[in-house]
Amino acid sequence: MTKLIKFRAITEAAKRLNGKVIRTATIPGPKLTEKLQRPVFLKLENTQLGGSFKARGVLNKFLSLADDVKDKRFVAVSGGNFGIAIAEAAKIFGADVTIIMPKSAPATAIDRVGELGSTVIVESDVHAAFKRAKALAEQGYVVIDDCNDSLIAEGHGTLAIEFIADCPELTDVLVAVGGGGMLAGVATALKAIKPEIRIWGVETSGASSMHQALRAGKPVNIEVTSIISTLGVPAIDKVMLAFGEEAKLWVELASGTLIPAAMAIAPKLPAEAVIGIVVCGGNISHQDMSKWVGYSQTL
């Protein structure tokens, strides 16, 4: 049975997380404002604990488990940021956590999870990673799934409460779609506070799971064609470089998808529209960037 997220649960998560996560800044984006001809504001989750919004949902999950954390073994599949967030929470709570990552995950993320003390298993691809997680679940491990856990989505939704409080004039907010947890939490919170606001879930043709599911009227399996482990975004590294040039921020590829999306919708928006962009993460290295640039040059 599907469990719908409630705004009250997000406000409770905000109280639970108070003082345990960073209240990230909302800043204007003057270069983007000039380009889009609409005011643009950026929510800087790339400055969050662990370098992404994922800390919100994961910490909300672990805080809700309370004393049960040390009595269980946990397993999760991650392409990067989710694993880092879980490993950091595991270190705080003393939890026994195994993170399974595909070899396509950034090497820096794999190394970071290990440095934090969690067990890391690297599999050939994401399908093998989930297969291994299922096997561990059959051995008694508790699976932490950021795509299907209301506590995690509710924790992610707390960023929206901050965003709209800092910038109540927002009319349109763009959110990158990976597993959908952030979109679910953010949309629930923003619509509860300001029903007329428009929420834009952004994905690419290489990983259009939400688009295809909406067309089919149900969840569907897709084959991701991507150079990134969290979003399928061929050659989006060029856009990420543009994000650095236009917004003066060093961000991940998933955040880079939001600029072309904003450019596509801006001309269709009312003249008084105010655009908000959730900068979801900043965990990249020079090594990663060099790899992605090299990939784009082969296209």
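Visitor: What makes strand S3 and strand S4 a pair?

Guide: In this predicted model, S3 (residues 73-77) and S4 (residues 96-102) are joined in the parallel sense over five bridges. Two strands pair if DSSP finds at least two bridges between them, so S3 and S4 qualify with five. Strands are DSSP runs of E with at least two residues, and helices are runs of H or I with at least four, numbered from the N terminus. Residues are numbered from 1 along each chain as its sequence is written. Because the model is predicted, local features need pLDDT of at least 70 and side-chain atom pairs count only at pLDDT 80 or more, while totals for chains, interfaces and linings use all residues; side-chain values use heavy atoms, with hydrogens and water left out.

Visitor: Why are S5 and S6 called edge strands?

Guide: The open sheet has four strands in the order S5-S4-S3-S6, with parallel pairing. S5 (119-123) and S6 (142-143) each pair on one side only.

Visitor: What makes the β-α-β crossover from S4 to S5 right-handed?

Guide: S4 and S5 run parallel and are joined by five bridges, and Ile99 has Val120 in S5 as its bridge partner. The chain passes from S4 through helix H5 (residues 107-115) to S5. A crossover is right-handed if, with the strands pointing away from the viewer, the path from the first strand over the helix to the second runs clockwise; the crossover through H5 is of this right-handed kind.

Visitor: Why is H1 called roughly perpendicular to H3?

Guide: The axes of H1 (residues 7-17) and H3 (residues 54-65) come within 10 Å and cross at roughly 85°. Axes are lines fitted to C-alpha atoms, for helices over the stretch in contact, and angles run from 0 to 180 degrees between N-to-C directions. Angles under 35 degrees count as roughly parallel, over 145 as roughly antiparallel, 65 to 115 as roughly perpendicular and the rest as oblique. H1 is therefore roughly perpendicular to H3.

Visitor: What makes H7 oblique to H8?

Guide: H7 (residues 150-166) and H8 (residues 181-193) pack at an angle of about 45°, with their axes 7 Å apart. That angle therefore makes H7 oblique to H8. Their contact (heavy atoms within 4.5 Å) includes Ala153 and Ile164 of H7 and Gly181 and Ile193 of H8.
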